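User: Please take a close look at one part of this model. Then walk me on from there in short steps.

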Amino acid sequence: MPNMSDVIFPDVTLTPDEITQRYPQRCLPEGAQVTRFAPSPTGFLHIGGLFTAMINYRLAKKTGGVFFIRIEDTDKKREVEGGIELITKGLEDFGIIADEGFTSTGQKGGYGPYQQSQRRDIYRVFAKKLMDEGKAYPCFMTEGELEEIRAEQEKNKQNPGIYGQYAKYRGITPDEAQKLIDEGRSFVVRLRSCGDESRRIKFKDSIRGKIEMPENIQDTVILKADGIPTYHFAHVIDDHLMGTTTVIRGDEWISSVPIHLQMFYMLGFKAPNYAHVAPIMKEENGGKRKLSKRKDPEAAVSFYREAGYPMQSVSEYLMTIASSAYEDFRRANPRADVGEFNFELRKMSQSGALFDLNKLNDVSKNTISRMTADTVYDLAADWAKEYDAGLYSLLSRDEGYSKGIFAIDRDNPKPRKDIAKWSEVRDYVAFMFDELFLRPSAELLAKYDAADAKAVLAAYAGVYDQNDSKDEWFERMKTVCDTLGFARETKAYKQSPESYKGHIGDVSTIIRAAVTGRTNTPDLYYIEQLLGYERVVGRIKEFAESL
RNA sequence: GGCCCGUUGGUCAAGUGGUCUAAGACUCCGGCCUCUCACGCCGGCUACAGGGGUUCGAAUCCCCUACGGGUCACCA
């Protein structure tokens with residue numbers, strides 16, 4: 001009588017030991033964590049995937065360990081051309097660069113290959129080992145049979161699945177298997193579960209604490225009909241061989257942990273620590289639901305790039321979701337590198353956070369306010385180059401000029417926080433470029449007497465001096481106040497409003513409207529300095545005539 | 001439906017039996033500062049899902065209910 005594994009795995013010649021020797025124990029300092037991100041190459045970087053990857057990365061970095069990227073391409077149907085590069089490149093934009101495995105420039109590291117489709121032989125060796133030990137068997141059930149069983153179970157209100165009496169092929173003999181194979185029947189390899197429903201399996205999740213569940217009793221598929229492993233089996237083999245110490249993944253995997261733990265046990269492997277992160281949610285009809293790739297554009301990381309959020313801002317926002325202590329850290333260390341933050345898994349929230357655009361905007365404004373004018377220019381121009389060509393040509397026409405705009409009120413302890421995303425830049429800088437400058441309408445000054453406004457503009461145009469220091473400039477505006485009957489101090493006006501036409505604020509508003517076409521802008525002095533005498537006085541005169 | 005997990009203001013959250021008449025952040029609304037805006041500062045609105053226990057004492061521990069999420073594939 002032939003051996004079952006010879007019937008099923010005639011192609012497998014290597015032994016588990018030979019494989020294991022290729023994956024020596026890692027030499028890492030005490031406490032170093034080996035983590036990984038294991039995406040499918042679907043060509044779509046989900047914001048939740050980025051989040052998970054970031055947490056994996058941070059933990060590895062914090063502990064002096066290793067972070068690697070492994071491609072889980074065991075389902076060819078979902079694969080997309082260029083999907084791997086899109087994901088690795090996408091992560092690298094956020095500073096998440098793999099120590100091992102896939103980077104945008106290819107694979108590296110000594111524990112590969114890091115792509116499951118290239119590891120077929122490895123999985124088969126261990127599947128064979130399980131079969132040799134009676135822990136796995138071939139199952140020839142057809143789709144129709146599977147459906148019948150499911151229907152029967154449903155009718156009897158039993159749990160669905162292949163276990164106990166429903167595991168029809170548990171007792172198949174090698175001869176019977178050979179016969180079916182000769183008939184051309186296809187088969188999968190199932191685990192011969194050693195679980196007992198009445199026993200409970202306990203494990204400690206690094207984020208959620210103690211979890212306990214009934215043992216797995218399902219004869220889970222480990223090798224599909226095409227000989228490729230299922231996620232479960234690949235996970236166990238890969239993370240064992242690659243030396244992963246902490247598996248950080250989405251919490252949709254929690255319910256599979258009993259299967260995984262059982263496989264580690266049956267294979268004689270030590271199981272890693274698990275950490276299951278809560279998904280990022282979206283508000284809908286008053287409820288919450290997971291951000292969906294299909295329905296929600298904001299689920300894609302590319303959405304934020306297009307909207308003009310700097311990668312840095314998205315990172316920062318995600319960190320605030322990952323750890324509530326992060327905002328305090330950031331306040332205390334505005335310029336520090338994220339790496340200095342003491343990230344801890346156990347402080348992570350266990351329930352899914354609603355994605356909050358308000359908060360992202362706020363975080364982003366703060367993030368941008370900490371950038372230098374040069375950086376703001378570079379990033380804004382990069383964005384514009386791709387999404388707003390008109391703006392790009394204006395910004396890049398005179399780099400120094402453009403940087404000057406972004407420099408206004410930037411290098412001080414309380415920098416302005418006007419910009420949350422690059423798509424706002426066009427509006428922010430509009431009046432600095434004649435091409436975008438909107439001639440002010442008289443409406444802006446509706447609350448003022450037209451004759452007074454004209455007088456203010458004429459007086460100011462007469463005395464404006466491009467060479468003034470800021471103090472001189474301000475003093476000159478006050479002089480205009482004096483000569484035209486406006487109060488040079490707001491307080492003086494408030495004390496006796498009847499003795500003035502208005503105050504310094506009114507005068508500056510009139511001038512601001514003429515020069516910028518708006519009543520609210522950053523510091524007028526610096527704007528005028530950049531604009532230059534001709535344009536300042538020209539705009540003032542033009543506006544005065546229109547009143 | 002079975003099994004898991006969760007539930008503190010509109011949102012993110014701190015909180016591990018007394019220091020909780022519950023921190024902080026975002027949003028919103030007032031006010032101050034101020035050449036406008038922004039910044040900053042001050043203040044305000046709004047919360048322990050519900051019910052039972054345990055305890056001198058419960059947001060915190062236990063039980064039940066409700067609600068929300070996840071999972072139950074030859075997808076990951």
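Analyst: Helix H3 is mostly covered, with 13 of its 17 residues buried. Buried means under 20% relative accessible area, exposed over 50%, and partly exposed in between, using a 1.4 Å probe and protein chains only. The model is predicted: local features need pLDDT of at least 70, side-chain atom pairs need pLDDT 80 or more, and totals for chains, interfaces and linings use all residues. Residues count from 1 along each chain as written, chains are lettered from A and ligands numbered from 1 in written order, and side-chain values use heavy atoms, without hydrogens or water.

Helices are DSSP runs of H or I with at least four residues, strands are E runs of at least two, and both are numbered from the N terminus. H3 covers residues 47-63. Its expected span is 1.5 Å times one less than its number of residues. That gives 24 Å, and the end C-alpha atoms are 24 Å apart, so the two agree. Just after H3, Gly64 has a positive phi of about 70°.

Now to RNA strand B. Around it are 56 residues, and Arg208, Lys224, Lys359, Arg416 and Ser508 come nearest. A residue is near the strand if one of its heavy atoms lies within 4 Å of it. H21 gives the largest share of this surface, four residues.

Polar contacts are pairs of N or O atoms within 3.5 Å. The side chain of Ser40 has an N or O atom 3.1 Å from a sugar or linking oxygen of RNA strand B. For Asp523, the side-chain N or O atom lies 3.2 Å from a base nitrogen of RNA strand B.

How values were computed. Polar contact = N/O pair within 3.5 Å; in protein donor to acceptor, adjacent residues only side chain to side chain.
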